[in-house]
Amino acid sequence: MRNIVLRANDGADHVISVAAASLCKTVASLLQDLEASKGEDTDPLIVPLPNVCNCTLQKVLGFCEQQRAFDELCTASPAAQQADLTRQIQAWQMEYMQVSTDELYHLVMAAHYLNVPRLLDLCTDAMAERIRGKSPAQVRECFGLKPSLSPEEEEEIRRSNLWALN
Amino acid sequence: MEDSSSLSINSLSAGMLHGIFDFLCPRDLCAASVTCRYWRHLNQDSAANQAWKAFYAARWQPSEPQLSSPGKKPLPWQAHYGRKMRVQRVFAGRARQDSFFGHKGGIKCLGLLPGHNIMATGSMDRTIKLWDLNAGMQIATSRLQPCAVRALALDQGMLVCSASTRGGLRVWRSGAAAGKTLFDLGASREVTGHTGPVTSVALNDECLFSGSWDYTVRIWSRSRLKCLSVIPCSDWVWGVCPRGSNLLVAAGKHACVFDSDTGRALRRFDSGSERNVLHSPRVEGTRDGRLLFVGNAEGDLLAYDLRSSSLTACNTLWQHGALVQSIAFDDPWMAAAMDDGATLLLNADAAMRGGRASGLPGRAALSAPPGGSIAVKRQFPGSGPAYCVDIADQWLACGSDMSVVRAWDFSGAEEVQARLDATKLQRAQQRAQRRERGRHAGRRLQPRFPPQWDTSGDEDICEHDSQNGEDLLDSPCMAPDGSHCAGEASSEPQASPRAKSQHQGSEGMRIPGQETQEAASASQRDSLHTEVDQQRSWSVAGGAPSEDVLSRSLPAHLGTPRAGSGSAAGGRQIRPLPPPLVRASGCCIEARAAQVSRMTSWDIQRPRRSSSDSVKAAG
């Protein structure tokens with residue numbers, strides 16, 4: 001199993017297997033390009049990621065490794081255990097998403113930049129979860145937004161959507 | 001990366017925000033659109049509009065004018081959705097009830113097309129009739145069919161019914177495109193294919209579905225009426241219902257779900273009916289195919305979630321006790337016709353949220369409906385087994401064994417409610433004024449008899465009545481059996497004699513009361529007249545408005561049947577009730593007048609009115 005090194009914007013290096021790293025589409029395409037140009041090489045590749053900070057990268061890589069492990073389990077285990085495994089994955093993802101809102105922003109952006117579709121889905125869902133079932137005022141409070149609508153505009157939207165905003 | 005203080009959710013790109021919004025349901029999207037200007041802007045672009053259109057189409061059939069945007073800027077789908085949600089609330093309001101007489105046998109099937117002001121009914125008397133909904137008039141009658149018309153479906157392009165014992169279908173095409181009347185019942189086409197009697201037909205945009213006792217469901221193309229596929233079932237087919245990608249089929253004792261493209265069987269639910277072996281469950285579903293509704297022989301209305309993998313994930317919406325003959329669904333309202341003649345109108349949304357959790361399906365939820373203001377269930381009692389029901393676009397119709405179709409028009413409910421609120425407010429103000437004046441005149445210290453019936457007591461009784469009216473809708477205007485099918489052909493002629501009788505009744509009541517209320521103010525009389533007018537235009541099913549007035553002005557035994565229960569609290573003497581007078585003919589009016597003149601306890605029953613009036617006279 002080959003490893004590569006991902007370097008965050010503050011210079012910290014993270015060693016990760018190629019299989020896990022290829023969950024990040026950005027890294028995967030980079031690797032393809034590099035391999036095509038360099039051919040066989042014993043040195044571990046160093047991929048600089050200038051847009052991702054150290055702790056976020058660590059979190060993302062944690063996700064990649066765990067997903068990789070789950071994928072292998074999924075293909076290995078018989079169909080009968082699939083449901084159990086799915087539940088296990090969901091539990092893990094739930095725990096993984098126990099982060100502050102600020103961390104979540106970083107995570108969404110990193111997932112977007114590194115192009116990890118599954119992580120992006122998970123993050124946007126978690127973000128939506130923070131909106132779900134709340135009143136507009138509560139949403140504003142949650143995300144620290146300032147009410148930029150004038151009262152008249154707000155009243156108008158309320159009037160056309162009375163069923164949801166009574 | 002940037003320092004976290006400058007990072008907010010709005011520094012994410014629009015695409016990512018859309019990704020987040022994609023996970024939200026309509027209600028939360030509305031909340032998000034009020035949050036800030038940027039989010040509102042995001043919620044109004046074309047991608048969001050498409051999402052709202054999908055939301056709308058998942059619940060309701062988009063109507064023609066919504067789809068073809070004429071000249072001017074089309075309304076965003078979010079607004080359509082909001083409007084539809086508001087429109088659907090009217091089913092909790094008051095309705096105008098109509099009866100359609102004309103068939104000579106039980107009504108086995110009916111279909112509503114309110115957009116074209118049409119209702120089609122099929123009956124045991126082997127005919128199909130078309131009706132003008134608003135006028136309550138019969139438009140056309142078909143020729144005699146070979147046998148009773150058991151199933152019928154229509155939309156703006158096509159009317160289909162089961163036509164023969166041997167499994168034929170009769171199809172009428174709409175003449176609207178050619179500028180003629182919608183359906184000309186003279187020119188029809190027969191389609192054959194089934195080898196057994198057809199029990200159910202259904203239409204969607206592309207296909208025509210028919211289920212038969214020959215153990216099959218056939219799917220036909222709408223344009224050429226060619227059979228596209230045959231889906232074999234394990235038993236007699238009693239109902240078909242295409243919803244989304246699913247085809248819901250009632251076969252024997254089972255409710256089955258097929259994939260309508262491939263014809264593959266996906267699910268099978270046992271209706272679990274022991275009592276009535278021959279009864280097959282009635283099937284309905286939401287337009288997106290997410291939920292399956294089943295009405296079974298035990299009178300249970302069940303909802304199955306077709307997304308979840310377990311076969312037992314079922315939600316009891318309501319338990320009625322009588323066999324369910326037919327169900328229809330217009331999100332979120334479910335209408336059911338019961339074997340005991342009742343027509344049930346159920347807010348499936350509210351029932352699913354509130355019903356199961358409380359353990360008592362519905363009843364507890366009814367007393368405290370989630371969301372506060374929407375009723376969970378309404379019931380319209382009727383006589384004779386009700387066979388079929390349809391609900392569409394502010395109309396509810398139910399056909400019964402008694403060869404009568406009853407229809408309820410909810411389209412004016414909002415307006416009536418507003419008017420009632422205004423009247424109530426006005427009356428409260430008048431009362432407050434009177435009380436104020438009475439206080440100034442020093443009459444407040446005067447002892448009143450009997451003291452316990454002060455203003456609040458009277459109000460209690462009124463509210464009690466109106467509440468009953470709202471709950472069960474058995475106002476005196478909706479007679480139970482017999483008396484109301486006195487033979488009128490349509491509701492138009494009925495309205496005036498009834499209103500007249502009430503008018504006369506209220507005049508009549510004033511006579512014995514005159515010695516006590518000679519000072520009755522003109523304004524009060526006016527309000528009475530407006531109420532009578534309302535009564536005329538709204539021969540009310542949810543009789544609260546009229547009852548409110550009637551219980552005030554009529555002698556108690558002509559008031560609501562419920563006044564009896566009110567009397568227990570008030571300690572009044574009330575004789576057992578005669579059956580409520582409804583379609584009053586001449587003799588009824590006389591009888592009523594005679595009853596009025598026999599009432600001698602009038603002044604005792606209305607102490608408040610006389611005292612307040614004397615106060616007013618003093619002031």
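This is a predicted model: local features need pLDDT of at least 70, side-chain atom pairs count only at pLDDT 80 or more; totals for chains, interfaces and linings use all residues.
Q: Where in chain B is the place of B:R126?
A: Residues are numbered from 1 along each chain as its sequence is written, while chains are lettered from A and ligands numbered from 1 in the order in which they are written. Helices (H or I, at least four residues) and strands (E, at least two) are DSSP runs, numbered from the N terminus. B:R126 sits in the loop between β3 (118-123) and β4 (128-132) of chain B.

Q: Is the phi of B:R126 positive or negative?
A: Most residues other than glycine have a negative phi. B:R126 is not a glycine. Yet its phi of about 70° is positive.

Q: Does B:R126 count as buried, exposed or partly exposed?
A: A residue is buried if 20 or more other C-beta atoms, placed from the backbone, lie within 10 Å of its own, exposed if 12 or fewer, and partly exposed in between. B:R126 has 17 C-beta neighbours inside 10 Å, so it counts as partly exposed.

Q: What is the phi of B:D393 near?
A: B:D393 belongs to the loop between β26 (386-392) and β27 of chain B. With 17 C-beta neighbours inside 10 Å, it counts as partly exposed. It is a residue other than glycine, but its phi is positive, near 50°.

Q: How far apart in space are B:S400 and B:Y387, C-alpha to C-alpha?
A: B:S400 is part of strand β27 (residues 395-400) of chain B. It counts as buried because it has 22 C-beta neighbours inside 10 Å. Leaving out residues up to four places away in sequence, it touches B:Y387, and among its other partners are B:G106, B:I107 and B:G341 (contact: C-beta atoms, placed from the backbone, within 7 Å). B:S400 and B:Y387 are 13 residues apart in sequence, and in space they are 5.2 Å apart.

Q: Which residues are in contact with B:F21, leaving aside neighbours within four places in sequence?
A: B:F21 lies in helix α1 (residues 14-21) of chain B. It is buried because 22 other C-beta atoms lie within 10 Å. From B:A32 it is 11 residues apart in sequence and 8.5 Å apart in space, C-alpha to C-alpha. Its contacts are B:L29, B:A32 and B:L42.

Q: What is the omega of the peptide bond between B:D331 and B:P332?
A: B:P332 is in the loop between β22 (324-330) and β23 (333-338) of chain B. Most peptide bonds are trans. The bond from B:D331 to B:P332 is cis, with omega about 0°.

Q: What span should helix α5 of chain A have?
A: The expected span is 1.5 Å times one less than the number of residues. Helix α5 (residues 101-114) of chain A has 14 residues.

Q: Which element gives the most to the side of chain A that touches chain B?
A: The contact takes 36 residues from chain A and 27 from chain B. On chain A's side, the elements giving two or more residues are α5, α6 (117-131), α7 (136-143) and α8 (151-160). With six residues, the element that gives the most is α5(A).

Q: Are α3(A) and α4(A) roughly parallel or roughly antiparallel?
A: The axes of helix α3 (residues 54-76) and helix α4 (residues 82-96) of chain A come within 11 Å and cross at roughly 175°. Axes are lines fitted to C-alpha atoms, for helices over the stretch in contact, and angles run from 0 to 180 degrees between N-to-C directions. Under 35 degrees counts as roughly parallel, over 145 as roughly antiparallel, 65 to 115 as roughly perpendicular and the rest as oblique. So α3(A) and α4(A) are roughly antiparallel.

Q: Which element of chain B has the lowest mean pLDDT?
A: Chain B averages a pLDDT of 71, and 64% of its residues score at least 70. Strand β12 (residues 216-221) of chain B has the highest mean of its elements, 92. The lowest, 36, belongs to helix α16 (residues 602-605) of chain B.

Q: How many helices and strands does chain A have?
A: From the N terminus on, its elements run β-β-α-α-β-α-α-α-α-α-α. Chain A comes to eight helices and three strands.

Note on methods
pLDDT is the predictor's confidence in each residue, from 0 to 100. Two residues are in contact if their C-beta atoms, placed from the backbone, lie within 7 Å.
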